[in-house]
Amino acid sequence: MPQLHSALVILNGKGAGNQDVREAIDGLRTAGNTLHVRVTWEHGDAKRYVAEAVELGVETIVAGGGDGTINEVSDALSQHSESSRPVLAVLPLGTANDFATACLIPEEPQAALQLALQGRAVPVDFARINDKRVFINMATGGFGTKITTETPEKLKSILGGASYFLHGILRMDTLKADFCQISGPDFHWEGNALVVAIGNGRQAGGGQPLCPEALINDGKLDLRVLTSDELLPALLESLLKGESNKNVIEASLPWLEITSPHEMTLNLDGEPLSAKHFRIEIEPDAISLRLPPNCPLIG
């Protein structure tokens, strides 16, 4: 007799009408699994649904949406004790699905939900920023953040992740570096940065491998700074080819601090946070995540 499972699925409101998702959930319920479904309408809904999942005692919480939904659910999970946290799983329904794509989580809802219920639960890290917000994939600052936050919704709905790259090309005239200082254990850098990427995961902005060597279970943050020297060559070589470049500063750190004389905005898996000072710390083995056996982000 097959083992039965329980989960609460938190769907971003944009994906609530997805017929493939409905059919996959119906099929898993018919097979005897218990799946509760909740749909987010506004900010804060995910937090309430995670609390409900903890009270229900389900094995798994499924974040159904894009990187922003995963971030919101992860953040809500982090506010519960480790002993009471359900396992996290991902149902990719966003524009770019950067985290899910890098983890090789299936795009097809049936396969993704099967993995969510039956996949292995792996302890993974997340990063905490300024002792309050968390991210599981990546924080980015500079020109890349400007592009991802300003890309029109209609363009994203038509082109998906490629929309970020296209919008970036169209906005090259707005390239502007930010002066900042970045420090960590045995590391210090200051200068003008075009893009700052702090990766627990590997890619952002619609498939750009900003931190191509990052692992989500190594207890480290991968830092990558694209400096303002030779702006266009550094941007193209580092973002599109993944090649080394003298204009790219790299480090692997358990924590780091960023200080700027003016307010900077970091994009945390799609959620903006603005400040003049950021302290970002990795929290090893913070949550358990259901992953495919061939996930390249596990060391």
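Helices, of type H or I and at least four residues long, and strands, of type E and at least two, are DSSP runs numbered from the N terminus. In this predicted model, the protein chain has 9 helices and 13 strands.

**The chain as a whole**
- The protein chain has 299 residues, and 52% of them are buried.
- Among contacts in the protein chain with a separation of 6 or more, 72% are between residues 24 or more positions apart.

**Asp 98**
- Asp 98 belongs to helix α4, which covers residues 98-103.
- The relative accessible area of Asp 98 is 3%, so this residue is buried.
- A polar contact of 3.1 Å links the side chain of Asp 98 to the side chain of Gln 203.
- Apart from neighbours within four places in sequence, Asp 98 is in contact with Asp 67, Asn 137, Gln 203, Ala 204, Gly 205, Gly 206 and Gly 207.

**Cys 103 and Cys 295**
- A disulfide is a covalent bond between the sulfur atoms of two cysteines.
- The structure holds 0 disulfides.
- For Cys 103, the closest cysteine sulfur is that of Cys 295, at 4.3 Å, which is too far for a bond.
- The cut-off for a disulfide is a pair of cysteine sulfur atoms within 2.5 Å.
- Cys 103 is buried, with a relative accessible area of 0%.
- Cys 295 also counts as buried, at 6% relative accessibility.

Technical notes. Residues numbered from 1 in each chain as written. Predicted model: local features only at pLDDT ≥ 70, side-chain atom pairs only at ≥ 80, totals over all residues. Heavy atoms only, no water. Buried < 20%, exposed > 50% of the residue type's maximum accessible area, 1.4 Å probe, protein only. Polar contact = N/O pair within 3.5 Å; in protein donor to acceptor, adjacent residues only side chain to side chain. Contact = heavy atoms within 4.5 Å.
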